[in-house]
Amino acid sequence: MQYIPSFLDDNEAQQLQRWLTSNAVHWLRESFPIFGKQVTAPRRLAWFGDDGVNYRYTGIDHCAQGWPESLQPLRAKVCAMAKRPAEQPFNFLLANRYSHGEEYMGWHRDDEHAADPLIASLSLGATRRFRVRSGPGRPSTVFDLANGSLLLLDGRQQHTLTKTKRLVGERINLTFRRIDAA
C-alpha cells in the first residue's frame with residue numbers, strides 16, 4: 001500500500017469534484033441481491049472506461065462507454081503514479097459518491113476474476129476513515145483519506161469505508177482499475 005496525501009492540490013480536487021457533481025455525470029443508486037434479499041447500495045455510483053470494458057460485480061454489469069475528456073489528464077497522472085505500463089493502463093473507473101457519513105461501503109474484497117489487484121483510489125471532498133485488513137478478525141490499517149489524496153492498494157485485501165455519526169460533507173471516491181477483456 002502507498003498513501004499519497006496531496007496527490008492533487010486543493011484547487012485541482014475542488015475543480016474535479018465540481019465537474020463530477022455537475023450534470024455532466026449521471027449518478028445512480030444500485031440494488032443487488034445479498035443472501036436472497038434485494039439491497040439498495042448506501043451510496044451512488046457512476047463509471048467510465050475504455051469502450052466495451054465490463055466490470056461485473058454483485059451480479060451487475062458495468063459496461064464502459066469511453067472516457068470523458070475531463071478525466072483523460074487525471075487518468076494519465078494516476079497511471080504514472082501507480083507505474084502502470086503504457087500498454088496496460090487503468091481502463092476502468094468506478095466512482096462512489098457518499099453524500100454524508102451514514103453512506104458507506106461495508107467490508108469487501110475487489111477480487112473479481114478479470115480485475116487486476118492494483119487499485120488506485122482517489123478521494124475528493126470530506127475526509128473519511130478507510131480501513132484495510134488481510135481478512136476477517138485481523139487487525140486493520142486505518143487511513144483518514146483527505147481531499148486530493150491517493151491510496152494505492154491491493155483490492156484482494158478486505159477494505160471498508162466506515163459509517164460515521166459525525167457531521168461530514170460529501171465525499172467522492174474514484175477507483176481506477178485494470179479489467180481484462182473476457
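Six strands make an open sheet here, in the order β1-β12-β9-β14-β7-β4, with antiparallel pairing. Its edge strands are β1 (2-4) and β4 (44-49), each of which pairs on one side only. From one strand to the next, the twist averages 20 degrees.

Before going further, keep in mind that this is a predicted model: local features need pLDDT of at least 70 and side-chain atom pairs count only at pLDDT 80 or more, while totals for chains, interfaces and linings use all residues. Residues are numbered from 1 along each chain as its sequence is written, and side-chain values use heavy atoms, with hydrogens and water left out.

Helices (H or I, at least four residues) and strands (E, at least two) are DSSP runs numbered from the N terminus. Two strands count as paired if DSSP finds at least two bridges between them. Angles run from 0 to 180 degrees between N-to-C directions, using axes that are lines fitted to C-alpha atoms (for helices, over the stretch in contact).

| Strand | Partner | Bridges |
|---|---|---|
| β9 | β12 (residues 150-154) | five bridges |
| β8 | β13 (residues 158-161) | two bridges |
| β10 (residues 128-133) | β11 | six bridges |
| β10 | β13 | four bridges |
| β2 | β3 (residues 37-40) | four bridges |

You can find the facing residues yourself. Leu 122 stands opposite Leu 150 in β12, and Met 105 stands opposite Leu 161 in β13. Val 132 has His 159 in β13 as its bridge partner, while Arg 133 has Ser 140 in β11. Over in β3, Val 39 is the bridge partner of Phe 32. As you trace a strand, remember that in a regular strand the side chains alternate between the two faces of the sheet.

### Turns with a positive phi

The hairpin of β10 and β11 has six residues between the strands, and Gly 137 there takes a positive phi near 80 degrees. The hairpin of β2 and β3 has two residues between its strands, and this time Phe 35 takes a positive phi, near 50 degrees.

Thr 58 is not a glycine, yet it has a positive phi of about 50 degrees. You'll find Thr 58 in the loop between β5 (54-57) and β6 (60-63). Lys 83 is not a glycine either and has a positive phi of about 55 degrees; Lys 83 sits in the loop between α2 (72-81) and β7 (92-98).

Are these residues buried or exposed? Thr 58 is partly exposed, with a relative accessible area of 38%, and Lys 83 is exposed at 70%. Buried means under 20% relative accessible area, exposed means over 50%, and partly exposed is in between (1.4 Å probe, protein chains only).

### A look at Arg 109

Arg 109 belongs to the loop between β8 and β9 and is partly exposed, with a relative accessible area of 30%. Leaving aside neighbours within four places in sequence, its contacts include Ser 134, Pro 136, Arg 156 and His 159. Arg 109 and Ser 134 are 25 residues apart in sequence, and their C-alpha atoms are 9.7 Å apart in space.

### The largest pocket

A pocket is an open set of points on a 1 Å grid over the protein atoms alone, where a 1.4 Å probe fits and protein lies on both sides within 12 Å along at least five of seven lines; lining residues have an atom within 4 Å of a point. The largest pocket holds about 550 Å³ of space. Of the 30 residues lining it, the closest to its centre are Arg 43, Met 105, Gly 106, His 108 and Asp 110. Volume here is the space filled by probe spheres set on the points, with grid points joined across faces, edges and corners.

Key: Contact means heavy atoms within 4.5 Å.
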